[in-house]
Structures are given as structure tokens and as C-alpha cells.
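Hello,

Here is the structure I promised to pass on to you. Please have a look at it first; my notes on what turned up follow below.

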Amino acid sequence: MDARVAGCRVCPRLVEWREEVARVKRAAFAGWEYWGRPVPGFGAGDAPLVIVGLAPAAHGGNRTGRMFTGDRSGDVLYQALYDVGLASQAEAVSADDGLELYGVRITAPVHCAPPDNKPTPAERDACRHWLVEELTLLRPGLRAMVVLGAYGWQAVWPALAAAGWEIPRPRPAFGHGVRVELDGVQVFGCFHVSQRNTFTGKLTPEMLREVLETAARAAGLK
Ligand code: SF4
């Protein structure tokens, strides 16, 4: 599935953007050969804990080819995963940096970097089938999910429903620390690890570690 995701070209605007960013590059990464393709999920296909973000960053995942790798958001996320024992190292700088996740898979509802980090509703809907397929594959062993931010929170419910879960109605509102029990899986809301949240203190390392710890326990990883 990861190989098929990486070859997807369904959204014309995102294909153009991701490839243009890869061509033009940022001066600091002029020596890099950018990935410039959809970024597949990262981590074992039978992980009991899945983390769902928004979409790859133009000069992060779109450059390195791995989720949250090579940008400030990822620095915060991987540091926290390492701190709570779910990652082998805190540094995530390239796809071959040796980082391993323990019982965790990281994915997103949109696999291509969008301009201004804002996919259109049509792009989000076009990408949903990948998340549905991924959740369907993960389902036998899946016990917990951490959703980073309101965008991901809105996006996961239709995907979970399409993957066979019964979803509460009305859909639960997003909030940091919200926990929703589904059949066999607990879903946790967490503020996104974006710089806007981490620089302002809306999401502190302690808050992030606490959600990850709780989710890891729910997933049977602790
Ligand atoms: Fe394909 Fe998703 Fe990228 Fe659209 S956003 S081109 S559906 S991988």
C-alpha cells in the first residue's frame, strides 16, 4: 500500500505544488534531492497505536519522504515519542536516519504537501480512501489512535466509518485530551504539533507526553 500511495497523482493542484517545491527547494536544502511525492504512513503495518496528523510539510515530509521528518513539528513529535519510549531516538532528519517506532504508525488524511498547509475539501475527500485502506489493514491489531488537531479530527470519522467502525452521533467535538471509545479502539484528541501551537505554549511538551502516555497504555504498549 505504501508504494501505491507514493505513486498517486489524483489531485492536480497538489501534484503540481509538491513537484514545484521539490524543484525550486528552500535555500537551506539546496543540496537535497526532494522526495516530491505523496508521503506514505511511517511505522509497522500492525502497530496498535496510530497517530494521525494533517498533511506533509512542503520542506519536511515532502523533502525527506517520511512523515513529520525534517521539520519543526516533527522535532516536537519525535522528541515526545522518544521521551515516552515509543521511538528509538528523538532526531528525525531523513528517511535513513535509523529512527524506529515501537508499536506506532504515523499517517495523515492527506498524503501530499498542500499550499499553506490547506488541502481543499475535494483533495481531502480524494485522499480518504488511502486512510480507509490503512485503517482497514491496521484494524486487527489497532487499539488506540491519537489525532493531532481539528483538521485531522474531522477527517478521521468518515474514514473510521468507512473502515467499519460504528461512529457516535453526533460526532464528538475536538478538544485536547478528549477520549472517544469505539469498538476496540480508543481515539484521543491532541492539539497539533504545529509551530503555532508549540511556540505559543498552547501545546507544551508535557501536554503532548501525557496524551501519548495515555494512548500508549490504551494500546497495551505500557
Ligand atoms: Fe493522491 Fe492523496 Fe496526494 Fe491526492 S493528496 S494526489 S489522493 S496521495
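**The sheet and its surroundings**

Six strands make up an open sheet with mixed pairing, in the order S1-S3-S2-S4-S6-S5. At its edges are S1 and strand S5 (179-181), each of which pairs on one side only. Please keep in mind as you read on that this is a predicted model.

Let me go through the sheet from the S1 side. S1 and S3 run antiparallel and are joined by two bridges; here Gly43 has Arg105 in S3 as its bridge partner. S2 and S3, by contrast, run parallel, with four bridges between them. Arg105 turns up again at this pairing, as the bridge partner of Val50, while Leu49 stands opposite Val104 in S3. As for the side chains of S3, Val104 and Ile106 point one way and Arg105 and Thr107 the other, and all are buried.

On to S4. Four bridges join S2 to S4, and the two run parallel; Leu49 has Ala144 as its bridge partner in S4. S4 is also joined to strand S6 (residues 186-190) by five bridges, again in parallel, and there Val146 is partnered by Phe188.

How many of the five residues of S4 are buried? Five of the five are, so S4 is largely enclosed by the rest of the structure. The cover is on both faces: Ala144, Val146 and Leu148 are buried on one side, and Met145 and Val147 on the other.

**Helix H4**

H4 covers residues 72-83, twelve in number, and spans 17 Å from its first C-alpha to its last, close to the 16 Å expected at 1.5 Å a residue. Its buried residues are Ser73, Gly74, Leu77, Tyr78, Ala80 and Leu81. Viewed down the helix axis, these fall within an arc of 160°, so they line one face of H4.

What do the buried residues of H4 pack against? On the strand side, their partners are S1 (42-43), S2 (49-52), S3 (104-107) and S4 (144-148). They also pack against two helices, H7 (195-200) and H8 (205-218).

The two ends of H4 deserve a look as well. At its start, a side-chain oxygen of Asp71 comes to within 3.1 Å of the backbone nitrogen of Ser73. After the helix comes Gly85, which has a positive phi, near 85°.

**Ala215 in helix H8**

Ala215 belongs to helix H8 and is buried, its relative accessible area being 0%. Beyond its neighbours within four places in sequence, Ala215 is in contact with Leu49, Ala144, Val146 and Phe188. Asp75 lies 140 residues away from Ala215 along the chain, and their C-alpha atoms are separated by 20 Å.

**Cysteines**

Finally, a word on disulfides: the structure holds zero of them. Cys11 has a relative accessible area of 15% and is buried, because the cut-off for buried is under 20%. Cys190 counts as buried too, at 0% relative accessibility.

That is my tour of the model. Do write back with any thoughts once you have had time to look through it.

Best wishes

Note on methods:
Residues numbered from 1 in each chain as written. Predicted model: local features only at pLDDT ≥ 70, side-chain atom pairs only at ≥ 80, totals over all residues. Heavy atoms only, no water. Expected span 1.5 Å × (residues − 1). Buried < 20%, exposed > 50% of the residue type's maximum accessible area, 1.4 Å probe, protein only. Arc of directions from axis to C-beta. Contact = heavy atoms within 4.5 Å. Polar contact = N/O pair within 3.5 Å; in protein donor to acceptor, adjacent residues only side chain to side chain. Pairing = 2+ DSSP bridges. Disulfide = S-S within 2.5 Å.
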